[in-house]
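Please keep the sequence and the model in view while reading.

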Amino acid sequence: MKDNETIVAIIYDFDKTLCDKDMQEYSFIPNLGMNPDVFWKITNEFTAREKMDKILGCMYMMLNEAKKHNKVITKEYLYSLGSDINFFPGILTWFERINEYGEFLGLKIEHYIISSGLREIIKGTKISKYFKEVYACCFLYDERGEAIWPKMSVNYTAKVQFLSRINKGVLDISNDHELNMKMLDEDRRISTKNMIYLGDGITDIPSMRMTRENGGYAIAVYQNDDKRIAENLLKDNRIDFYAKANYEENSEIDRLIKNILASIAIKSRLKDLHNLQIKEIDRD
């Protein structure tokens, strides 16, 4: 990183933010010979009956249904499912375009995922190389490489923790000590004012609210022209903007992100000028 280079973090939910449905519905559930509606109905009934966290309940049912259908879940198998993800228009060229625009403005753009989906599936996609870090659910594997237990579960409230990690630059999830130490704003790696959060709806609300309350930007994306959730989030002051999930060049979200980046760049340059003048006064 160059001296005094401003870092901007663009943070994405995954399911229905970058792709058009829950990632398990592309291959994992069909490979069990199940209809997605049936899988989610069984999962929802199980979590309600057991009063269980929904994300942990989903991970349990993935293991349970795989066992019932004589399927083995391995890390390699989940990686392979990433190739079947159907991304929204423009996603495959989005990251390089935004990085180039950021560089033009004098910004360093970093992309992050915070998702309740499966880390291994995300890491198996064509776009995984663009993310500095992927925070998502993952399994613990036994000596045979088979999934046996949830290693990490990321529900809608847990997502907030990872915003703090990105802010402080403490990306290792096993490093809680450094994460919880007091850190002055000027020592934090990425200012919250330079964080942009993109999500599709209700489960992203805590992260959207935290991002906004600390001076960053929260954006809700929608698909199929159904703006109802996004409009309600805007009316309730949960988000700053909403846009259709089309990431092609010159699309609504493309222009919006570029305008936000331009605003961050201008504010950064003005702050640098202010600090320079203060130093000049002190020298005099």
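The numbered points below take up the sheet, the helices and several single residues.

1. Basis of the note. The model is predicted, so local features are reported at pLDDT of at least 70 and side-chain atom pairs at pLDDT 80 or more, while totals for chains, interfaces and linings use all residues. Residues are numbered from 1 along each chain as its sequence is written, and side-chain values use heavy atoms, with hydrogens and water left out.

2. An open sheet of 7 strands has the order 4-3-2-1-5-6-7, and its pairing is mixed. Strand 4 and strand 7 form the edges; each has a single partner strand, so one side of each has no neighbour in the sheet. On average, neighbouring strands are turned by 25° against each other, direction ignored. Helices (H or I, at least four residues) and strands (E, at least two) are DSSP runs numbered from the N terminus, and two strands pair if DSSP finds at least two bridges between them. In general, strands of a sheet pair through backbone hydrogen bonds, either parallel or antiparallel.

3. Strand 3 (residues 131-141) and strand 4 (residues 147-152) run antiparallel and are joined by 4 bridges. Within this pair, tyrosine 141 stands opposite alanine 147, and leucine 140 has tryptophan 149 as its bridge partner. There are 5 residues between the strands of this hairpin, and glycine 145 has a positive phi near 85°.

4. A helix across the sheet. Helix 5 (residues 91-105) lies across strand 1 (6-12), strand 2 (107-118) and strand 3, and runs at about 150° to strand 2. Such angles run from 0 to 180 degrees between N-to-C directions, with axes being lines fitted to C-alpha atoms, for helices over the stretch in contact.

5. Helix 7 and helix 9. The axes of helix 7 (residues 159-168) and helix 9 (residues 205-213) come within 8 Å and cross at roughly 35°. This crossing is right-handed, a term used where the near helix is turned clockwise from the far one by less than a right angle. Lys159, Val160, Leu163 and Ser164 of helix 7 make the contact with Pro206, Ser207, Met210 and Thr211 of helix 9; contact means heavy atoms within 4.5 Å. By class, these residues are 4 nonpolar, 3 polar and 1 charged. Here Ala, Val, Leu, Ile, Met, Phe, Trp, Tyr, Cys and Pro count as nonpolar, Asp, Glu, Lys and Arg as charged, and the others, Gly among them, as polar.

6. Burial of helix 7. How many residues of helix 7 are buried? The helix is mostly covered, with 8 of its 10 residues buried, among them Phe162, Arg165, Ile166 and Asn167. Buried means under 20% relative accessible area, exposed over 50%, and partly exposed in between (1.4 Å probe, protein chains only). Glycine 169 follows helix 7 and has a positive phi, near 80°.

7. Lysine 159. This residue belongs to helix 7. Why does lysine 159 count as buried? The reason is its relative accessibility of 1%. The side chain of lysine 159 makes polar contacts with the side chains of aspartate 13, at 3.3 Å, and aspartate 204, at 2.9 Å. A polar contact is a pair of N or O atoms within 3.5 Å; within protein, one must be able to donate a hydrogen and the other to accept it, and residues adjacent in sequence count only if both atoms are side-chain atoms. Not counting residues up to four places away in sequence, lysine 159 also touches others, including Ile114, Val154 and Tyr197.

8. Threonine 47. Threonine 47 lies in helix 2 (residues 36-50) and is buried because its relative accessibility is 6%. A polar atom of its side chain is 3.0 Å from the backbone oxygen of asparagine 44. Leaving aside neighbours within four places in sequence, threonine 47 is in contact with Met52, Asp53, Lys54 and Gly57.

9. Asparagines in loops. Asparagine 70, in the loop between helix 3 (54-68) and helix 4 (75-81), has a positive phi near 55° and is exposed, at 73% relative accessible area. Asparagine 237, in the loop between helix 10 (228-235) and strand 7 (241-244), has a positive phi near 60° and is exposed, at 55%. Asparagine 180 lies in the loop between helix 8 (176-179) and strand 5 (195-199) and is exposed, at 62%. The side chain of asparagine 180 reaches the backbone oxygen of aspartate 176 at 2.9 Å.
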